[in-house]
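Reader: Hi! Could you walk me through this structure in plain words?
Author: Happy to. Have a look first, then ask away.

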Amino acid sequence: MDTKERIKERLKANIISWDEPFPRRIYFSVQPKDIFDTARFLFKELGLRFAIASGMETPQGFEILYHFSDDKTGIMYSVRVLIEDKQSPQIDAITPLFPGAEWIEREMWEMLGINFVGHPNLKRLLLSEDWPEGNYPLRHTT
Amino acid sequence: MSHKVIVPIGPYHPLQEEPEFFRLYVEGEKVVDIDIIIGYNHRGIEKLSESKHFDQVAFLVERICGICSSSHPYAYVLAVEDILGGEAKVVPERALYIRTVVDELQRIHSHLLWLGLAGHFIGYNTVWMWAWKYREPVLDMFEMITGNRNNYAMFKVGGVRRDIKDEDIPVLHKTLDELVPALNMFKGAVMDDPVIRARLKRVGVLTKEQAIEWCVLGPTARASGVDIDIRRDEPYGVCDRLDWKVIIEKDGDIFAKTVVRILEMYESLRMIRQCLDAMPRGPIDADIKDVPAGEGIGRVEAPRGECLHYIKTDGTNRPIRHKIRAPSFMNVASDKVAAVGGTISDATITLAAVDPCYCCTERVVVLKKADNQKVMNGWDLIKLSQEKTEQLRKALGDARGK
Amino acid sequence: MDIRLKALTRSIWAFHVSAGSCNNCDIEILDCFTPRFDVERFGIQLIGSVRHADALVITGAMNRKSVPRMKKIYEQAPKPCVVVAVGQCALSRHMFRYSYNCDEPLDKILPVDVYIPGCPPKPEAMIAGIMKLVDKVRSHK
């Protein structure tokens with residue numbers, strides 16, 4: 001079974017939608033509550049490399065894409081989650097799985113105001129100490 | 001003895017060109033912990049991107065970092081071309097070759113720059129001067145092709161902005177030929193020098209497991225045995241049509257990182273030569289007018305590692321989200337494990353070994369306050385590093401000068 | 001202008017400060033000290049401690065986190081001290097003018113003596129700028 005098939009098989013219960021818009025680009029959605037399990041499977045069991053995560057505010061909520069790279073085939077698997085609660089958005093941190101995610105989760109926290117539950121070091125990364133609390137630069141509605 | 005000493009490096013040090021704040025916690029001579037504070041170069045580029053149209057964004061992202069000045073615009077246009085169906089489908093042949101030439105020339109200039117700085121940190125000031133002297137012909141080549149030594153303004157969605165003139169090609173070949181003896185000199189000076197081997201081997205080690213856990217990229221990863229290179233894994237430009245190889249070392253120490261960078265320069269030289277010889281005639285720009293709604297990811301192998309841009313569009317002439325991830329964002333975080341356990345005299349070179357491009361990433365080092373404070377500044381730390389080299393040289397009985 | 005500053009134009013000790021720059025200008029400044037351009041023949045040196053500085057060479061788009069540090073450095077520099085703004089970002093913040101993190105241009109924060117435009121300015125332009133500064137200082141009655 002190749003990597004794509006293994007993901008579809010093992011994460012069957014988590015996957016909400018699956019999209020392959022171009023060769024080497026796969027986007028699939030999971031529920032926010034399933035991100036830890038999904039990330040663990042992709043990183044620890046399949047050995048995919050975590051490239052980065054990108055968060056953005058949409059009218060429906062906060063969308064985060066976790067980009068994993070399969071270096072053997074050049075395919076990017078991007079896991080999409082949508083956090084619908086815009087008042088106090090939160091999601092499980094994946095930093096406890098591997099330290100490489102620490103900085104980007106801190107950045108998304110300070111730029112978008114998303115709480116990463118279980119993050120060992122959630123404090124400011126880029127913004128200065130005197131940057132006003134509650135002001136999240138990447139939100140459209142600040 | 002538990003006498004904690006804070007050794008701040010930064011934020012302003014003459015040879016660390018970008019301000020970052022590293023706090024080293026030491027006990028005696030050994031580094032026990034490190035805080036990294038960044039944020040001194042954060043200019044809000046991702047947000048600015050949302051208010052610029054696609055052509056303007058290319059100019060904006062070029063100024064994320066001066067050293068990998070062509071990697072960011074290349075990754076950005078690849079992300080937009082991803083939405084249009086992919087670089088190979090959209091961009092004319094000749095433009096692909098020109099893109100690869102610019103990308104590989106940049107790798108050579110960046111590695112030479114790093115070599116110079118690294119040489120200075122360990123006390124080989126002549127290496128610094130020679131490396132930067134031989135960078136000048138590379139910058140001359142850039143000026144010939146793009147019109148500028150830095151900030152090339154070459155990449156646009158659908159092609160490149162300037163062509164390489166036929167009469168310039170022999171001049172480029174000649175300059176590349178003249179670069180080879182210089183590279184041979186550096187290779188000999190670094191790889192065969194027993195003092196440098198003693199100074200850099202087993203220093204600042206990042207194991208393969210650590211490299212994977214911290215998701216590091218580029219020469220930092222390849223020096224630890226992690227076999228990743230975007231030019232081979234997801235080829236762009238004409239990388240898959242050229243004859244070149246990925247350089248992998250196993251030890252993960254600073255010597256390995258240096259060797260990877262030096263050998264990569266030879267590979268880049270070969271790639272540029274092949275491009276100049278094989279470049280077909282034809283247009284250099286597909287003249288793209290509209291970008292449909294969608295999302296795309298573009299990645300290139302910058303001198304420091306994988307540079308990734310993610311773009312989301314909605315059919316208008318601006319991106320609605322532009323995520324920029326420079327390679328140093330992942331690499332510098334790994335300093336946490338690479339520098340800890342080493343000595344203070346090795347600290348500067350270890351931190352510099354990932355070739356940090358702070359303006360790309362914004363590395364911040366946070367210092368924790370300790371009890372008994374004997375503070376050393378960055379200048380003292382470099383001196384310590386250079387003194388260690390001197391001691392090693394004496395110990396090895398090497399009477400050669402710098 | 002101060003007689004001390006005039007005397008110092010024979011041997012300018014420059015201290016480089018980056019307040020949120022992309023590093024291009026910083027590398028070109030360092031390039032001035034390498035064999036091709038070699039500004040040391042004009043007596044200009046890059047030094048490691050601001051306490052000996054005659055000139056502050058400042059680059060960068062005035063990032064919010066860097067500005068307080070830059071101001072502290074200026075206070076630590078012994079006066080008289082000239083301020084050289086190098087690069088478009090130091091002149092006007094360039095394309096980061098509307099960024100949420102770059103509040104004010106350099107000349108609203110510190111008194112600037114020389115502006116060297118460019119993105120990045122070529123080493124020749126920087127040398128020309130420094131020479132203009134030297135002339136300005138020497139000709140001042």
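Author: One term before we start: two residues are in contact if their C-beta atoms, placed from the backbone, lie within 7 Å. Also keep in mind that this is a predicted model.

Reader: Thanks! What domains does the assignment give for chain B?
Author: The domain assignment lists domain 1, covering 4–41 + 345–396, and domain 2, covering 45–329.

Reader: And how many residues of domain 1 of chain B are in contact with domain 2 of chain B?
Author: There are 25 residues of domain 1 of chain B in contact with 25 residues of domain 2 of chain B.

Reader: Which helix gives the largest share on the domain 1 side?
Author: That is H17(B), with nine residues. H15, helix H16 (358–361) and helix H17 (378–396) of chain B each supply at least two residues of that side. By class, the domain 1 side divides into 13 nonpolar, six polar and six charged residues.

Reader: Let's stay with H15. How do the axes of H5 and H15 of chain B cross?
Author: The axes of helix H5 (residues 93–121) of chain B and helix H15 (residues 344–353) of chain B come within 9 Å and cross at roughly 170 degrees. Angles over 145 count as roughly antiparallel, so H5(B) is roughly antiparallel to H15(B).

Reader: Nice. Which residues make the contact?
Author: From H5(B) they are Leu117(B), Ala118(B) and Phe121(B), and from H15(B) they are Thr348(B), Ile349(B) and Ala352(B). Five of the contact residues are nonpolar, one is polar and none is charged.

Reader: New topic: what about H7 and H12 of chain B?
Author: The axes of helix H7 (residues 168–191) and helix H12 (residues 254–278) of chain B come within 11 Å and cross at roughly 165 degrees. H7(B) and H12(B) are therefore roughly antiparallel to each other.

Reader: Is the crossing of H7(B) and H12(B) left-handed or right-handed?
Author: H7(B) passes H12(B) in a left-handed crossing. Among the residues that meet there are Leu176(B) and Phe186(B) in H7(B), and Ile262(B) and Tyr266(B) in H12(B). This contact has 15 nonpolar, two polar and two charged residues.

Reader: Last one! How many residues of chain B are in contact with chain C?
Author: For chain B the number is 31, and they are in contact with 35 residues of chain C. Helix H1 (45–49) and helix H6 (125–146) of chain B each supply at least two residues of the chain B side. The largest share, four residues, comes from H6(B). That side has 15 nonpolar, eight polar and eight charged residues.

Key. Residues numbered from 1 in each chain as written. Chains lettered and ligands numbered in written order. Predicted model: local features only at pLDDT ≥ 70, side-chain atom pairs only at ≥ 80, totals over all residues. Axes fitted to C-alpha atoms, helices over the stretch in contact; angles between N-to-C directions. Parallel < 35°, antiparallel > 145°, perpendicular 65-115°, else oblique. Nonpolar A, V, L, I, M, F, W, Y, C, P; charged D, E, K, R; others polar. Domains from an automatic or database assignment. Left-handed = near helix turned anticlockwise from the far one by under 90°.
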